[in-house]
Amino acid sequence: MNNDKLIIGGHEFNSRFILGSGKYSLKLIEAAVKDAGAEIITLAVRRANTKEQENILDYIPKGVTLLPNTSGARDAKEAVRIARLAREMGCGNFVKVEIMRDMKYLLPDNQETIKATEILAGEGFVVMPYMYPDLNVARDLVSAGAAAVMPLASPIGSNKGLATKDFIQILVDEIDLPIIVDAGIGKPSQACEAMEMGAAAIMANTALATAGDLPMMASAFRQGIEAGRKAYLAGLGRVLTRGASASDPLTGFLRD
Amino acid sequence: MVKINGENLDIAGRTLFEYLLDAGYDTGRIAVEKNGDIVPKAAYEKTVFADGDIVEVVSFVGGG
């Protein structure tokens, strides 16, 4: 297990839990990162506010890789602008491309996401596109230079779990990049299930932010993700289509 | 007029660096875009606002 690294754009990670930083107190970030064992944390880019002197960067432990997202972008052009601004802040070249036109379900625009991925990969970014799980789009993202593919499990912030399970499985089976399940994972059992399926990592935010005890839930997710990963590597036992198979020796006993 | 983060300001002729300092931004924690192009930190002092410039000053916040 010690050699089981997650590799994204040539960078190695031991943790397979990507932590969001939205919708909770900055003061909880350090505990969340620690209890999640996270090595990557997502951030958003917004108009700066001079009134609030607190900056999220002061709350993120050193050594954690920052993954700015392009939330708020409605098309590829806006996503590219946001990514460039994020990189200009001098915190690395990772970017999670996130483009939405639909404000009710917050579903990603796959076509614009492919365009933005191609431009940003060409500019040297490590591009991690958030997408609706579609095999053809995932293949286009690979061609466009993505470093990972991030299919949604269910709508952002819904905590509804693996609604797109079968389609994520297709990506895991067919795409030769880390498949990181993003959005909608609501509990550790769902994270564990995605990892058992062969997902490379899990990204979660709302499941933690809306939990009763955020750091404790971060720890529970960590254990779920680690268990699922181990089960995947071990290889799951087969499922019978019908009948039964005894676990005990079938030799006669207490009878003639 | 110069439009900064959606607000019209009468600061044409002044430099970006002066504006950021006066407004109270932590220049180490922001990024600036002028008319759609990134302004590198090294260029803040020599960037002079012209009438009609559109400027965005951004920083990181919590997000998924």
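Colleague: Let's begin with B:Lys34: buried, exposed or in between?

Modeller: B:Lys34 is partly exposed, because its relative accessibility is 21%. Buried here means under 20% relative accessible area, exposed means over 50%, and partly exposed is in between, with a 1.4 Å probe and protein chains only. A word on the basis: this is a predicted model, where local features need pLDDT of at least 70, side-chain atom pairs count only at pLDDT 80 or more, and totals for chains, interfaces and linings use all residues, while side-chain values use heavy atoms, with hydrogens and water left out. Residues are numbered from 1 along each chain as its sequence is written, with chains lettered from A and ligands numbered from 1 in the order in which they are written.

Colleague: Good to know. Which residue does B:Lys34 form a salt bridge with?

Modeller: B:Asp53, with the closest N and O atoms 3.6 Å apart. B:Asp53 sits in the loop between strand S4 (37-39) and S5 of chain B, and B:Lys34 in strand S3 (residues 31-34) of chain B, so the pair ties together parts that are 19 residues apart in sequence. B:Asp53 counts as buried because its relative accessibility is 6%. Over in chain A, salt bridges that share partners join A:Asp4, A:Arg16 and A:Arg229 into one network.

Colleague: What counts as a salt bridge, and what counts as a strand?

Modeller: A salt bridge needs a side-chain nitrogen of Lys or Arg within 4 Å of a carboxyl oxygen of Asp or Glu. Strands (E, at least two residues) and helices (H or I, at least four) are DSSP runs, numbered from the N terminus.

Colleague: How much area do the two chains bury between them?

Modeller: About 2300 Å², of which 59% is on carbon and sulfur atoms. That is the accessible area (1.4 Å probe) the two parts lose on being put together, summed over both. A:Arg47, A:Glu88 and A:Met89 lose the most area on the chain A side, together 28% of what that side buries. The contact (heavy atoms within 4.5 Å) takes 29 residues from chain A and 23 residues from chain B.

Colleague: How do S4(A) and S5(B) run, parallel or antiparallel?

Modeller: Antiparallel, with 5 bridges joining S4(A) to strand S5 (residues 54-62) of chain B. Two strands pair if DSSP finds at least two bridges between them. Within this pairing, A:Ala44 stands opposite B:Val61.

Colleague: And B:Phe60, buried or exposed?

Modeller: B:Phe60 is in strand S5 of chain B and counts as buried, because its relative accessibility is 3%. Beyond its neighbours within four places in sequence, B:Phe60 has contacts including A:Leu43, A:Val45, A:Pro68 and A:Met89.

Colleague: Switching topic: which residues of H6(A) are buried?

Modeller: A:Pro188, A:Gln190, A:Ala191, A:Cys192, A:Ala194 and A:Met195. The buried residues of H6(A) pack against strand S9 (180-182), strand S10 (201-204) and helix H8 (214-234) of chain A. A:Gln190 has 11% relative accessibility. Just after H6(A), A:Gly198 takes a positive phi of about 110 degrees.

Colleague: Last one: what is the strand order in the open sheet of chain A?

Modeller: The order is S6-S7-S8, 3 strands with parallel pairing. Strand S6 (94-97) and strand S8 (150-151) are at the edges, each with a single partner strand, so one side of each has no neighbour in the sheet. Strand S7 (residues 126-131) pairs with S8(A) over 2 bridges, and A:Met131 has A:Pro151 as its bridge partner.
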